[in-house]
Amino acid sequence: MNEQKFIINYLQYDNIGQLDEADRILCQKAELALDTSYSPYSKFRVGTAVSLSDGEIFMGSNQENVAYPSGLCAERVALYSIGANRPDAVIRSIAITAQTDSFEINKPVTSCGGCLQVMAEFEQRQGSEIDILFYCLNGEILKVRGVQSLLPFAFVENRLSASF
Ligand code: THU
């Protein structure tokens, strides 16, 4: 028996002013995306912005449905939109933020496991790391380099896409 461990490195910033320009713009776009959230059930708005290697930015927000499981998280809305419209694009980074009138959000909201799994496959597919920025509107930002750091045991099975 061997005990193994993962170490996760991430960067912590106190406010958006500490980010470089590209990351700051991406966080601001994620904040703008909050306006398109359709979240009448949770009243929890999530906004995201994804930057591509050619400079294009895709935005997304959570889209809910009265049949609750039919809704989709902001991250997947944006990522699948890229998959459908720019299938060969290379994703550089993704910024995520959240807002609600129900309580104060004092810490960056992090992505759910389902979204991390989808990010992990985009990362694997393109063969380069995707940086993730979790942006709290009150200030703090966490930056993680590569989805693998957040989901080291992502489900991967290359034989499922092999041609038989
Ligand atoms: N949500 C996201 O958009 N992204 C996540 O990573 C976690 C949760 C949404 C789904 C739902 O519309 C609302 O937040 C409350 O769970």
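Trainee: Which cysteine holds the sulfur closest to that of C115, and how far away is it?

Mentor: This is a predicted model, in which local features need pLDDT of at least 70 and side-chain atom pairs count only at pLDDT 80 or more, while totals for chains, interfaces and linings use all residues. Side-chain values use heavy atoms, leaving out hydrogens and water, and residues are numbered from 1 along each chain as its sequence is written. A disulfide is a covalent bond between the sulfur atoms of two cysteines, and here the term requires a pair of cysteine sulfur atoms within 2.5 Å. The sulfur closest to that of C115 belongs to C112, and at 3.8 Å it is too far for a bond.

Trainee: How far is the sulfur of C73 from the closest cysteine sulfur, and how many disulfides does the structure hold?

Mentor: The closest cysteine sulfur to that of C73 is in C115, 3.8 Å away, which is again too far for a bond, and the structure holds 0 disulfides. C115 is buried, with a relative accessible area of 0%, whereas C73 is partly exposed at 27%; buried means under 20% relative accessible area, exposed over 50%, and partly exposed in between, with a 1.4 Å probe and protein chains only.

Trainee: Which residues are buried in α3, the helix that contains C115?

Mentor: An α-helix has 3.6 residues a turn, so residues three or four places apart point the same way. In α3, the buried residues are C115, L116, V118, M119, A120, F122, E123 and Q126, and what covers them includes α2 (74-85), β4 and β5, where contact means heavy atoms within 4.5 Å. Helices (H or I, at least four residues) and strands (E, at least two) are DSSP runs, numbered from the N terminus. With 14 residues, α3 reaches 20 Å from its first C-alpha to its last, close to the 20 Å expected at 1.5 Å a residue, the expected span being 1.5 Å times one less than the number of residues. G127 follows α3 and has a positive phi, near 75°.

Trainee: Which residues of β5 lie on one side, and which on the other?

Mentor: In a regular strand the side chains alternate between the two faces of the sheet. In β5 (residues 131-135), D131, L133 and Y135 lie on one side and I132 and F134 on the other, and both faces are covered, with all of these residues buried.

Trainee: In what sense do β4 and β5 pair, and which strand do 5 bridges join to β5 in the antiparallel sense?

Mentor: Two strands pair if DSSP finds at least two bridges between them. Strand β4 (residues 91-100) pairs with β5 in the parallel sense over 5 bridges, and A95 stands opposite L133 in β5. From β4 the chain crosses through α3 (residues 113-126) to β5, a right-handed β-α-β crossover: with the strands pointing away from the viewer, the path from the first strand over the helix to the second runs clockwise. The antiparallel partner is β6 (residues 141-145), joined to β5 by 5 bridges, and I132 stands opposite V144 in β6. The hairpin formed by β5 and β6 has 5 residues between the strands, and G139 in the turn has a positive phi of about 150°.
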